[in-house]
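Open the model in your viewer and keep the selection tool at hand. We will go from stop to stop, and at each one you will hear what to select and what is there.

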Amino acid sequence: MSNNIPLKYYDMAEEYAEETALPVNEAELDSLAHYFQLLLTRLANNEEISEEAQGEMAAEAGIKVERIDDIANFLNQWGNE
């Protein structure tokens, strides 16, 4: 667990890991939490989140590009609940 990423992003990463069909190993949780932090910070700042921006954030966080659409779907469903 990285000390500079708030726990709420780890909670989201763990919830995502439980719900996704793509297996998530323990080592990926830091990267996923970092990606959620980057993504939600942009949303909170009303910044554009283009496909290119998502790819850049994924690269920065160290997540697999295949997860981008899956995470977007997760967040859409999560936001609707």
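A word on terms before the first click: a residue counts as buried under 20% relative accessible area, as exposed over 50%, and as partly exposed in between (1.4 Å probe, protein chains only). The areas themselves come from the Shrake-Rupley method with a 1.4 Å probe, and for residues only the protein chains shown count as cover.

Please keep in mind that this is a predicted model, in which local features need pLDDT of at least 70 and side-chain atom pairs count only at pLDDT 80 or more, while totals for chains, interfaces and linings use all residues. Residues are numbered from 1 along each chain as its sequence is written, and side-chain values use heavy atoms, with hydrogens and water left out.

**The whole chain**

Start with a cartoon view. How many helices and strands does the chain have? There are four helices and zero strands, where helices (H or I, at least four residues) and strands (E, at least two) are DSSP runs numbered from the N terminus. Read from the N terminus, the order is α-α-α-α. The radius of gyration of the chain is 12 Å, close to the 12 Å that the globule rule gives for 81 residues, so the chain is as compact as a globular protein of that length. For that comparison, the radius is taken over C-alpha atoms and the rule is 2.2 Å times the number of residues to the power 0.38. The C-alpha trace spans about 30 × 25 × 25 Å along its principal axes. Of the 81 residues in the chain, 35% are buried.

**The negative patch**

Now show the surface and select Asp 11, Glu 14, Glu 18, Glu 19, Glu 26 and Asp 30, which gather there in a patch of negative charge. Patches are made of residues with over 30% relative accessible area and no salt bridge; like charges are joined within 9 Å, and nonpolar side chains (Val, Leu, Ile, Met, Phe, Trp, Tyr) within 5 Å. Lys and Arg count as positive and Asp and Glu as negative, while His and the chain ends are not counted. Each charge is placed at NZ of Lys, CZ of Arg, CG of Asp or CD of Glu.

Which element gives the most to this patch? Helix 1 (residues 7-19) does, with four residues. Click on Glu 14, which sits in helix 1; Glu 14 counts as partly exposed because its relative accessibility is 39%. Asp 11 is also found in helix 1, and its relative accessible area of 47% makes it partly exposed.

**The salt bridge**

Next, select Glu 28 and Arg 67, whose side chains meet in a salt bridge (3.3 Å, N to O). The pair links distant parts of the chain, 39 residues apart: Glu 28 is in the loop between helix 1 and helix 2, and Arg 67 is in helix 4 (residues 67-80). The rule asks for a side-chain nitrogen of Lys or Arg within 4 Å of a carboxyl oxygen of Asp or Glu, and by it the count comes to one salt bridge.

**Two loops**

Glu 66 is exposed, with a relative accessible area of 58%. Lys 64 is found in that loop as well, and at 46% it is partly exposed.

For the last stop, select Asn 46, in the loop between helix 2 (29-44) and helix 3 (51-61). Its relative accessibility of 73% makes Asn 46 exposed. What is phi of Asn 46? The angle is near 55°, a positive value in a residue other than glycine. Most residues other than glycine have a negative phi.
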